[in-house]
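Here are my notes on the model you sent over. Have it open while you read, and go through the points in order.

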Amino acid sequence: MEKMIRFVYAFSLFIFFQGYLNAQIITNRVIVANGGAYADPDDFVTLSAFDPNSGITETLASIFTQSVQGLFVHDGFAFVAAQDSLAKINIDEGTIEAIIALPGVNKLTVYQDKLLVSRQYPVTSDFVQIRSLHDLSLIASFPEISDESWEILVAGDTAYVSVAGGWAATTGKMAVLDVNTNTFIREINFGETAMGIGASFLEENNILFVCKTPWGGSSGTIIKYNILTCGYEQTQLPLVFGDAAGILSGKLFLVINQGIGMIDTETLTVINANLITNPFSNLEITGLTIDVVQGKIYVNYSWWIEPQGTGIIYDLDGVELGNYEVGISAEEVAIDYRFFMGNDLLNKIENAVYPNPCSDFLFIGHLPENAGLQMFDIYGNLTTELVSDGNPAFSMDVRNFSPGVYFLKIFEHNPGYESEKVIHSKKIIITR
């Protein structure tokens with residue numbers, strides 16, 4: 001049976017952090033994967049990093065194949081699906097840590113120490129695999145999934161896979177997997193209006209699937225699937241849909257009619273179909289993403305042959321803020337988020353929060369005199385709130401906590417002020 005949860009493991013946790021722990025999450029760099037010129041066998045896949053503070057773009061690594069299908073950035077590593085290869089790249093060192101041959105490799109996401117991989121043509125079975133995050137070795141395959149697969153969204157320990165099929169597919173489906181036990185749960189056929197099912201995002205209890213408009217079509221579909229009830233609704237709109245950047249502040253940003261528009265995630269109505277107009281006559285939108293920390297949209301404009309592409313940064317109102325470098329076939333862009341650990345006080349607190357994992361009492365040391373502490377569960381619920389009594393050390397009783405992942409926030413408590421200064425945040429694991 002599906003696990004009934006409320007927050008996606010990866011993307012939505014960043015939104016949670018933004019709300020509660022914004023002082024500790026930063027946008028480190030923007031990672032771009034370029035597929036190279038389609039007709040040039042010597043123009044290979046490259047991975048580059050754009051620093052939004054300095055404006056400098058650095059080439060990190062090359063993968064000696066062509067075309068990019070997927071990119072996922074996690075904990076200082078970029079996982080790249082490049083034609084028939086799957087690579088793990090250390091984006092701090094610019095080194096390839098692991099690379100394997102994997103036909104049909106497509107989209108990627110992470111669950112704990114597992115890398116989830118969707119697959120497409122030329123493979124004819126095992127359209128989703130789970131591989132080791134460490135060395136990319138195979139952990140499990142899912143022969144039960146009926147067709148070529150695309151985006152994978154992990155919420156809690158459940159994965160929701162967009163099963164779009166190949167070019168001749170006439171329906172769109174969703175496969176559901178338990179990624180804790182590596183087992184297939186079920187597959188749902190959404191029907192003909194779900195053709196092109198792809199990008200998926202979770203907002204509260206709902207997953208929104210964007211169904212790209214089929215070639216020659218004139219409409220696109222949004223599917224809203226409720227993970228608590230397993231019910232869903234489909235909204236078809238007379239617009240040509242492409243890839244999606246993500247959801248922020250109740251708005252879904254996606255490619256509409258070759259530009260970028262916004263859809264209200266509650267009503268599934270169009271807010272603005274022409275938020276951003278493609279400024280180029282010879283380039284298309286080949287990749288886009290939202291930086292949820294800084295509230296910016298990064299858009300890759302490129303083509304599969306010359307000329308070189310261009311990356312443009314926009315705010316959420318569609319105002320152009322700047323540029324960044326991309327290459328030919330700049331097919332993917334992702335944000336490299338990091339936890340910021342700044343000064344000596346933060347480092348002292350980091351080393352004085354123990355034990356972790358914890359089963360009875362959590363000890364916190366090196367606290368300032370006016371420290372406040374809050375503990376949130378993975379759903380964003382506040383479970384404990386305390387104000388220190390002026391002592392530099394404190395213990396928190398967690399014996400009544402359910403086992404799982406929690407987030408500890410330590411801040412300077414200033415009575416009479418609406419705002420507070422977050423000085424540290426940390427993931428805490430409660431065990432029994």
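Which residues point one way from β17, and which the other way? Keep that in mind for point 2.

1. Some ground rules. This is a predicted model, where local features need pLDDT of at least 70 and side-chain atom pairs count only at pLDDT 80 or more, while totals for chains, interfaces and linings use all residues. Residues are numbered from 1 along each chain as its sequence is written, and side-chain values use heavy atoms, with hydrogens and water left out.

2. Back to the question. Asn206, Leu208 and Val210 point one way from β17, while Ile207, Phe209 and Cys211 point the other way, and all are buried. Here, buried means under 20% relative accessible area, exposed means over 50%, and partly exposed is in between (1.4 Å probe, protein chains only). A strand is a DSSP run of E with at least two residues, numbered from the N terminus. In a regular strand the side chains alternate between the two faces of the sheet. Strand β17 covers residues 206–211, and because six of its six residues are buried, the strand is largely enclosed by the rest of the structure.

3. Who sits beside β17? Strand β16 (residues 197–203) runs antiparallel to β17, and five bridges join them. Two strands count as paired if DSSP finds at least two bridges between them. Look for Ser200, which stands opposite Phe209 in β17. The hairpin of β16 and β17 has two residues between the strands, and there Glu204 takes a positive phi near 55 degrees. Strand β18 is also antiparallel to β17, with six bridges joining the two. Asn206 has Asn226 in β18 as its bridge partner.

4. Now the rings. The structure holds ten aromatic pairs. For a pair, rings of Phe, Tyr and Trp (its six-membered ring) must have centres within 6.5 Å; planes under 30 degrees apart are stacked, over 60 edge-to-face, and the rest tilted. Why is the pair of Phe50 and Tyr324 called tilted? The ring centres are 5.6 Å apart and the planes sit at 40 degrees, so the pair is tilted. This pair links distant parts of the chain: Phe50 is in strand β2 (residues 45–50) and Tyr324 in strand β27 (residues 320–325), 274 residues apart. Phe50 is buried at 4% relative accessibility, and Tyr324 is buried with a relative accessible area of 4%. Ring pairs also link Phe50, Tyr298 and Tyr324 into a cluster.

5. Another ring pair to click on is Tyr160 with Tyr225, which is tilted, with 6.0 Å centre to centre and 55 degrees between the planes. Tyr160 lies in strand β13 (residues 158–163) and Tyr225 in strand β18 (residues 220–226), so to speak distant parts of the chain, 65 residues apart. Both Tyr160 and Tyr225 are buried.

6. Next, charges. A search of the whole structure finds six salt bridges, each a side-chain nitrogen of Lys or Arg within 4 Å of a carboxyl oxygen of Asp or Glu. Side chains of opposite charge can pair when their charged atoms come close. Among them is Arg29 with Glu58, where the closest N and O atoms are 3.1 Å apart. Arg29 is in strand β1 and Glu58 in strand β3 (residues 57–63), 29 residues apart. Is Arg29 buried or exposed? At 12% relative accessibility, Arg29 counts as buried, whereas Glu58 counts as partly exposed at 41%.

7. Strand β28 (residues 330–339) holds Arg338, which links to Asp92 in the loop between β6 (85–90) and β7 (95–101), 246 residues apart. Asp92, Asp336 and Arg338 are linked in a network of salt bridges. Also in strand β28 is Glu332, 225 residues apart from Lys107 in strand β8 (residues 105–111). Lys107 and Glu332 meet in a salt bridge (2.9 Å, N to O), and both are buried.

8. Finally, Lys88 lies over the face of Phe77, at 4.5 Å from the ring centre. The cut-off for a charge over a ring is NZ of Lys or CZ of Arg within 6 Å of the ring centre and within 35 degrees of the ring normal.

Methods. Helices (H or I, at least four residues) and strands (E, at least two) are DSSP runs, numbered from the N terminus.
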